[in-house]
Amino acid sequence: MPTDTFFRLPEEKRARILEGAWSEFTAVPYAEASINRIVQTSRIPRGSFYQYFADKRALFVYLIEDMHS
């Protein structure tokens, strides 16, 4: 689950992060998905990623849950 900080981001930035994550998770198997590629695609610093999500799994779970809501 994302942190409260993620939900306070501008909509454009949140969308950019989620699109970057979706792109990564659909391009390679989960085990090969890279936070480095996600932050590069999303154009955010790696440290910021960890302000928004605890880890790769938290982001992945959020994407799946968001897709089903």
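Predicted model: local features only at pLDDT ≥ 70, side-chain atom pairs only at ≥ 80, totals over all residues.
**View 1. Glu 11 and Arg 14 meet in a salt bridge.** Their side chains come to 2.7 Å, N to O. The two residues sit 3 apart in helix α2, so about one helical turn separates them. Arg 14 is buried because its relative accessible area, 18%, falls under 20%, whereas Glu 11 is exposed at 51%.

View 2. Glu 12 is partly exposed at 48%, while Arg 16 is buried at 16%.

**View 3. Glu 24 and Arg 37 are joined by a salt bridge.** Their closest N and O atoms are 2.7 Å apart. Glu 24 belongs to helix α2 and Arg 37 to helix α3, so this pair ties together parts 13 residues apart in sequence. Glu 24 is buried at 8%; Arg 37 is partly exposed at 36%.

View 4. Beyond its sequence neighbours within four places, Phe 6 contacts residues including Arg 14, Ile 17 and Tyr 62. The C-alpha atoms of Phe 6 and Ser 48 lie 9.4 Å apart, although 42 residues separate them along the chain.

**View 5. The largest nonpolar core has 18 residues.** Phe 6, Ile 17 and Phe 53 are among those with the most contacts inside this core. Helices α2, α3, α4 and α5 each supply at least two of its residues.

Methods. Residues numbered from 1 in each chain as written. Heavy atoms only, no water. Core = buried A, V, L, I, M, F, W, Y, C linked by side-chain atoms within 4.5 Å. Buried < 20%, exposed > 50% of the residue type's maximum accessible area, 1.4 Å probe, protein only. Helix = DSSP H or I, 4+ residues; strand = E, 2+ residues; numbered from the N terminus. Contact = heavy atoms within 4.5 Å. Salt bridge = Lys/Arg side-chain N within 4 Å of Asp/Glu carboxyl O.
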